Amino acid sequence: MIKKYSIKELLNKGKFLIDQKVLVEGWIRSFRYSIFIILNDGSTINNLQIILSKKFDKKIIKKITIGSSIRVIGIVKKSIGKKQYIELKSLDIIIYESVDKEILQKSILQPKKHSFEKLREQAHLRFKTNIFSCVMRIRHHIAFCIHKYFHEHGFFYLHTPIITTSNCEGTGKMFQITTMNLKNQPIDYTKDFFKCETYLSVSGQLEAESASLGLGKVYTFGPVFRAENSNTSRHLSEFWMIEPEIAFYHLEENINLAENFLKFIIKYIVENSMEDLTFLDQRLKKYSQKNRLLEKLELILKFPFKKISYTEVIKILDQEEKKKNIKFLHPIVWGMDLQSEHEQYLVDKYFKTPVVIFDYPCIIKAFYMRVNNDGKTVRAMDILFPEIGEIIGGSQREERYDILLQRMKDTNTDKNKLWWYLDTRRFGSVPHSGFGLGFDRIVQFITGMNNIRDVIPFPRTPNNAEF
Ligand code: 4AD
Ligand code: MG
């Protein structure tokens, strides 16, 4: 039996395999001078060079086209070329599927620069492009190290329901789900599958809270759905979120956990995905010589995040406007929701580090956040990153039954639907906190991609649910 290797394995172990017979499979990235096949199999950004021996007849050579999938048995040789340490001298080739040259020309596999929009139109093929395969491999490593982090810190992975009856965040539209024929008016939900109105969940937090009150430390990692009509480079209608929830945690501990967690992820990727990061750095050429992708990531690791209250932030923005350092489109008043222009100014111009803003006015935040003694603010925290803006949103939760009930009334939250959530406050309630990290946003930040649609395999956005 001839041993089969992935291209990654073969390139890594190549030194020790010189003159051995091996088997590899992949698809062709390019074919030059009817001799050199450049093969990739997705395991790494690097390619394997295959040297065709003279014995192959013209019929086979004709079928060796870009994109075609092949199986090669060959002998590992030390390469004469400088680009690679080893190459494979072919003995036998099987062509699984040859790609027609004309079809190829219309596809994104044609080796030339294509726009990201064009890659999205052929989302089913873009896994084979250099850039998207880098992003996907990094996405995998980020997901992996998130589970690693929580596992090593004593958290339990919790699966919260995707189908729900309530809107945890209280803002924005939700996608409704039903098995009823909506053409039959009027709609009687008591005849629907669940005998009530149901939606796709925007967050697993409320369920995670009840689990944390029994298990101590839990986290969720799953898809969430929001029917906001935000057609921006940072919004998806279906995205992935990580939501840790911790019993006996105050806001300060929650903020420290979030900072430590974000730094762990970035450090892990810098240490484990260097080849893909380097490729992206060179290809995107977005960063000036001074501020390369890698330097940007290392800068996040270097300094503590700036921690500042909402009220202080409003003072700074107001002063900056008075000093004529900047003019904002949205006027600065206490109680306003911060807009991207304000967030960008704080992170990119004023502090030049990630910023944690805490103690927001209660009127702009969700019902479940703990009310401060001033009665006007809640123990909320948002973490803002360069380029991305808000990457994490979290809070200490309101653990006091009466105050929570009042907040539900004030925010028009249906207490009947959430009776079980309120009930947790009557059975040994404790201070507890948590946050939500937008998974696709951290992937976007680490890979340096401009549009969030280019970091998820099949993006769901307004007017787009193809593939
Ligand atoms: O700030 P959000 O809405 O917080 C929650 O859902 C809380 N229940 C979290 C918690 O405390 N357990 O969302 C959390 C994060 C945001 O900071 C952002 O990174 C990301 O989710 N996010 C989106 N990512 C992509 N597309 C969208 N439409 C997003 N909306 C929020
Ligand atoms: Mg938020």
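User: What distance separates the centres of domain 1 and domain 2?
Analyst: The model is a predicted one. In it, the centres of domain 1 and domain 2, taken over C-alpha atoms, are 42 Å apart. Domain 1 covers 3-108, and domain 2 is made of 127-158 + 234-305 + 353-454.

User: How do you know that domain 1 and domain 2 are in contact?
Analyst: Contact means heavy atoms within 4.5 Å. By that rule, 9 residues of domain 1 touch 8 residues of domain 2. The two domains bury about 730 Å² between them, with 48% of that area on carbon and sulfur atoms. Trp27, Arg29 and Ile45 supply 63% of what domain 1 buries against domain 2, more than any other three residues.

User: How many salt bridges and how many polar contacts are there between domain 1 and domain 2?
Analyst: The salt bridge count is 0, while 4 residue pairs are in polar contact across the interface. On the domain 1 side, the residues touching domain 2 are 3 nonpolar, 5 polar and 1 charged.

User: Why is aspartate 359 called buried?
Analyst: Buried means under 20% relative accessible area. Aspartate 359 has 15% relative accessibility, so it counts as buried. Aspartate 359 is part of strand β13 (residues 355-361).

User: Why does glutamate 387 count as partly exposed?
Analyst: Partly exposed lies between under 20% (buried) and over 50% (exposed). Glutamate 387 is at 39% relative accessibility and therefore counts as partly exposed. Glutamate 387 is in the loop between β14 (377-385) and β15 (389-396).

User: What is the phi of aspartate 359, and what is that of glutamate 387?
Analyst: Most residues other than glycine have a negative phi. Aspartate 359 has a positive phi of about 55°, and glutamate 387 a positive phi of about 70°.

Conventions
Residues numbered from 1 in each chain as written. Chains lettered and ligands numbered in written order. Predicted model: local features only at pLDDT ≥ 70, side-chain atom pairs only at ≥ 80, totals over all residues. Heavy atoms only, no water. Domains from an automatic or database assignment. Buried area = accessible area lost by both parts, 1.4 Å probe. Salt bridge = Lys/Arg side-chain N within 4 Å of Asp/Glu carboxyl O. Polar contact = N/O pair within 3.5 Å; in protein donor to acceptor, adjacent residues only side chain to side chain. Nonpolar A, V, L, I, M, F, W, Y, C, P; charged D, E, K, R; others polar. Helix = DSSP H or I, 4+ residues; strand = E, 2+ residues; numbered from the N terminus. Buried < 20%, exposed > 50% of the residue type's maximum accessible area, 1.4 Å probe, protein only.
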